[in-house]
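Try each task before you read its solution.

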Amino acid sequence: MTREIKTMKRTTLAIAISTTFLTVPAFADGHLMVSDTPLTLDAHMHFGRREYDPNWPVELEAQRLTGVTLNNVTVDNTTNGRKAFEWMITGTGLPDIVGGVHLKDNINRFGPEGAFLSLDELIAAHAPNIYAQMQANPEVFNSVRAYDGELYFVPYLTDGKYGRAYFIRQDWLETLGLEAPDTVDELYAVLTAFRDGDPNGNGLQDEVPAFFRHWQEALRLVTFWDGRTSGSDTYHDFHVVDGEIRHGYAGEGYREGIAHIAKWYAEGLIDPELFSRGTSSREFMLENNLGGFTHDWFASTASYNDSLAESIEGFSLQAMLPPASISGVRMAEHRRTPIRPEGWGISYSNPNPVETIKYMDFWWSEEGRRLANFGIEGQHYTLVDGKAVFTDAVLGNERPVNSQMSDIGAQVQRGFWQDYSYEEQWTNEHALRGIALYDSGDYLVDQFLGVSFNQEEQAIYDRHWVAIQTYMLDKQRSWVLGETDVNAEWDSYQAALESLGLSKVLNAMQSAYDRQYGE
Ligand code: CA
């Protein structure tokens, strides 16, 4: 049976590949060429754990269409991106293009010092596709400008609103005669019933009522007590309330929230291996019919309704609205951020800045954007009524579409403009219904898009922040695990944050924030 399916897929793929040759001539007119003669640019492309590969099919196609070849000179791709960046700045000199993850802070630090070209004029003169997006979303682009107001990198502009949602085993609720919980108190009652009522029906008290693939997601529960964990899609980040920078881990609602998370943890409502189980926990909890409630990405979480339909009878994992907090607020704290700190910049020593910005602009053109999002026409997608639609070979493949795209060099963190329809096409009906549910109300909170420090602010942040965050996370874990008590330690915790320099960091953040976003 499996072999038949595999053979069938191969045939479909073969047909799809042969289609490529039919569609190629449409692209062969050279209108995307950025240079009359072939041009090679040295590029550092730090993608973290993912290795940049200049032979990705997407890269080769871009090379064919633009005439530009990127010569991969990535420094130390396997370790910390910031370290590689600093080594490059202080060591061997800069390649023509610097790109990848962890880019924003470094490029905005060294750009004003002259290491990178300011891009506004280059974009206005030579990059009409990027320029159009800057005109359409000035506030989003302004959020990644450096402290001198200049733009030093072409960012990765994301698409789509929703990220993670609360999911609950609908079939377990029905087995126990319960409704989806509407408030934090009802959630507590439901999780308790999951623990005690044997909803998986095996006669054992083996259910794990709440589980989290990333332990940081358990902290989101503090929003049910009006606390905060982050203002962006980066964990433990600052957030903004009425123009004021705050940190959730110093707030009152956080104290009450952590106290309750500790209580739920002690009562066996939260995975006892929360901090140690690792990122396979979602797979483990769902495949073994053990987990009842979680907070995770819409599309991939809802996909278990398809993959487990045959192995677990009646399996139904459905999105539910954030339960109302103690003050009645329903908050979806996580959402997709509109812009990412990734992208690419042009170094001061690049002898071809005009061609380089034209090359970067290619990725924002209609053809380049499709290439960056969907791969190669005819092979990975076809055009239907002007829209890119993944081929059956891609949609029917056992590997998730996002992994397939990453394998070929699509959807990687170059400076490009994402197209959410890439994801919508493999988002199942359960996820789409959940997204519609979240879209029915005003549950998203404003995003903190970050600040760019001047040198003085940067120095304050560098001096204090790592120690403060380390202390915050140490205490947090100890409270959740019940090793110490948050209420008993709260005053000494606040005093320690103060002596570690939290006010200084908040003031530095505030002055940077006011400069970047103030009227
Ligand atoms: Ca059981």
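**Exercise 1: an arginine in a strand**

R169 lies in strand β5, which covers residues 164–169. Keep in mind that this is a predicted model.

Task: Decide whether R169 is buried or exposed, and find which residues R169 touches, leaving out those up to four places away in sequence.

Solution: Start with the accessibility. R169 has a relative accessible area of 1%. Buried means under 20%, so R169 counts as buried. Next, list the neighbours. With residues up to four places away in sequence set aside, R169 touches F194, N289, G291, G292, I312, F315, S316 and L317.

**Exercise 2: two aromatic pairs**

Task: Work out how many aromatic pairs there are, then classify W344 with Y359 and Y461 with W465.

Solution: The count comes to 33 aromatic pairs. Take W344 and Y359: their ring centres are 5.8 Å apart, with 45° between the planes. Stacked needs planes under 30 degrees apart and edge-to-face needs over 60, with the rest tilted, so this pair is tilted. Now place the two residues. W344 sits in strand β11 (residues 339–346) and Y359 in helix α15 (residues 353–362), so the pair links distant parts of the chain, 15 residues apart. Both W344 and Y359 are buried.

On to Y461 and W465, where the centres are 6.3 Å apart and the planes make an angle of 25°, a stacked pair. These two share helix α21 (residues 455–480) and are 4 residues apart, about one turn of the helix. Their accessibility is worth a look too: Y461 is partly exposed at 24%, whereas W465 is buried at 6%.

**Exercise 3: charges over rings**

Task: Find which rings the charged ends of R369 and R414 sit over.

Solution: Check R369 and you'll land on W417, with the charged end 3.4 Å from the ring centre. For R414 the ring is that of W363, and the distance to its centre is 3.9 Å.

**Exercise 4: the calcium ion**

Task: Name the protein donors of the calcium ion and say how the donor residues are spaced in sequence.

Solution: Go around the ion atom by atom. Reading along the chain, the spacing is D-x1-N-x1-N-x1-L-x1-D-E.

How values were computed
Residues are numbered from 1 along each chain as its sequence is written. This is a predicted model: local features need pLDDT of at least 70, side-chain atom pairs count only at pLDDT 80 or more; totals for chains, interfaces and linings use all residues. Side-chain values use heavy atoms; hydrogens and water are left out. Rings of Phe, Tyr and Trp (its six-membered ring) pair if their centres lie within 6.5 Å; planes under 30 degrees apart count as stacked, over 60 as edge-to-face and the rest as tilted. Buried means under 20% relative accessible area, exposed over 50%, partly exposed in between (1.4 Å probe, protein chains only). A charge sits over a ring if NZ of Lys or CZ of Arg is within 6 Å of the ring centre and within 35 degrees of the ring normal. Donors are N, O and S atoms within 2.8 Å of the metal (3.2 Å for Na, K and Ca); water is not among the atoms, so sites may look incomplete. Contact means heavy atoms within 4.5 Å.
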